[in-house]
Amino acid sequence: GYILHGWTLHVSRGVLLLLDYRFHNDNGKCLSIFSHDHQLINIQAMTALFRAVGALFSTFDGASKVSGSLIMFTVLYTGYMIPKPTMHPWLGWIFWIDPLAYGFEALLSIEFHDKTFIPCVGKNLIPTGPGYENAQAHQACAGVAGAISGQNFVVGDNYLASLSYSHSHVWRNFGINWAWWVLFVAVTMVA
């Protein structure tokens, strides 16, 4: 009963936030409106994960140790701080069991897909520094994932590809996070 009550409160709060978002932040991209839906289920899945951990342990001390490790691994292995192609093979599987990774990929994919360009600025432009103030036509991106040699901007889909993210995974990730939520709620109810 407690679990369903808590879930009902989270969903009702999320619906109100979603309505607020839709009325105030419509930028013309239909899918960007749904980014809030994706983040709502991601928050639900992560909340359910930590509730399941709490239910599985008889002491707060044990649950907090596991929860601390979980938050570290879920953040590190979203595919952003350590991009999927550079993950160590022994630990790369963490990405696939990380609910946060699915939500983060969906969020970035919604945000950067079909962006014509993302301008490079500051230290990411070469040449830069004294004497190059008026060299905008000859500058190029450096050190930015997805940048193409000679361009002073990054195409959004190239940036996503550099992280091994794909816009085609958006709805797949939404479904996977629902499945994670169901699993974690079931574990909490059984424990």
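Helices and strands are taken here as DSSP runs, a helix having at least four residues and a strand at least two, with numbering from the N terminus. The model on display is predicted.

**The whole chain**

Eight helices and four strands make up the secondary structure of the chain.

Next, display the surface. The chain has an accessible surface of about 11,200 Å², and carbon and sulfur atoms account for 69% of that area. Of the 191 residues in the chain, 35% are buried. If contacts are drawn between residues at least 6 apart in sequence, 61% of them join residues at least 24 apart.

**Helix H4**

Select residues 60-76, which form helix H4. The helix has 17 residues, and the distance from its first C-alpha to its last is 24 Å, close to the 24 Å expected at 1.5 Å a residue. Now show the side chains of Ser67 and Thr74, together with Gly62 and Ala63: these four residues of H4 are buried. Turn the view to look down the axis of H4; its buried residues lie within an arc of 120 degrees, so they line one face of the helix.

In total, the model contains ten aromatic pairs. One of them joins Phe174 and Trp178 in an edge-to-face arrangement, with ring centres 6.4 Å apart and 85 degrees between the planes. Trp178 is partly exposed, its relative accessible area being 35%.

Select Trp180 and Phe184 next. How are their rings arranged? The ring centres of Trp180 and Phe184 are 5.4 Å apart with the planes at 15 degrees, so this pair is stacked, the cut-off for stacking being under 30 degrees. Trp180 and Phe184 are likewise four residues apart in helix H8, and therefore about one helical turn separates them. Are Trp180 and Phe184 buried or exposed? Both are buried.

Definitions and conventions. Residues numbered from 1 in each chain as written. Predicted model: local features only at pLDDT ≥ 70, side-chain atom pairs only at ≥ 80, totals over all residues. Heavy atoms only, no water. Expected span 1.5 Å × (residues − 1). Buried < 20%, exposed > 50% of the residue type's maximum accessible area, 1.4 Å probe, protein only. Arc of directions from axis to C-beta. Contact = heavy atoms within 4.5 Å. Areas by Shrake-Rupley, 256 points an atom, 1.4 Å probe, with all protein chains shown as cover. Phe/Tyr/Trp six-rings, centres within 6.5 Å; stacked < 30°, edge-to-face > 60°.
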